[in-house]
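Take a walk through the model below, from its core to its aromatic rings and then to its surface.

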Amino acid sequence: MSEHHEHHIASAMQLWSIGIALLILTVLTVTVAGFGLPSPFDILTAMAIALTKAFLVAAFFMGLYWDTKFNSMLLIGALAFFILMVSITLLDTLYRDDIVPSF
């Protein structure tokens, strides 16, 4: 038998706090980009902030925090598949010859 799940309605205060957190993280991203961090750390910092923002949007604005765990697992599986496909595509670039010689 299927269970009946009630829809969760987020309060305005909760939505505003998540929106302000996203705004602060966006300002933090722009601020960190202006610092001119060394090469591997700039990408890692930007990706960490972007993943945090994506988690907040998926969890609270998309409602996955209150939804069944099955839907969360579908999102995680889709993201894992996407990362796998991008990784396989990027592996191909390791074995290509330069079409235009480097300057």
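Is F60 buried or exposed? F60 counts as buried, because its relative accessibility is 17% and buried means under 20% relative accessible area, exposed over 50% and partly exposed in between, with a 1.4 Å probe and protein chains only. The model is predicted: local features need pLDDT of at least 70, side-chain atom pairs count only at pLDDT 80 or more, and totals for chains, interfaces and linings use all residues. Residues are numbered from 1 along each chain as its sequence is written, and side-chain values use heavy atoms, without hydrogens and water.

F60 belongs to the largest nonpolar core, whose seven residues are I18, L22, L25, I49, L56, A59 and F60. Such a core is a set of buried Ala, Val, Leu, Ile, Met, Phe, Trp, Tyr and Cys residues joined through side-chain atoms within 4.5 Å. Two or more residues each come from α1 (12-35) and α2, with α2 giving the largest share, four residues; helices are DSSP runs of H or I, at least four residues, numbered from the N terminus. Leaving out residues up to four places away in sequence, L25 touches I49, T52, K53 and L56, where contact means heavy atoms within 4.5 Å.

F60 also pairs edge-to-face with W66, at 5.7 Å centre to centre and 70° between the planes. Rings of Phe, Tyr and Trp (its six-membered ring) pair if their centres lie within 6.5 Å, and planes over 60 degrees apart count as edge-to-face, under 30 as stacked and the rest as tilted. W66 is partly exposed, at 30% relative accessible area. Ring pairs link F60, Y65 and W66 into a cluster.
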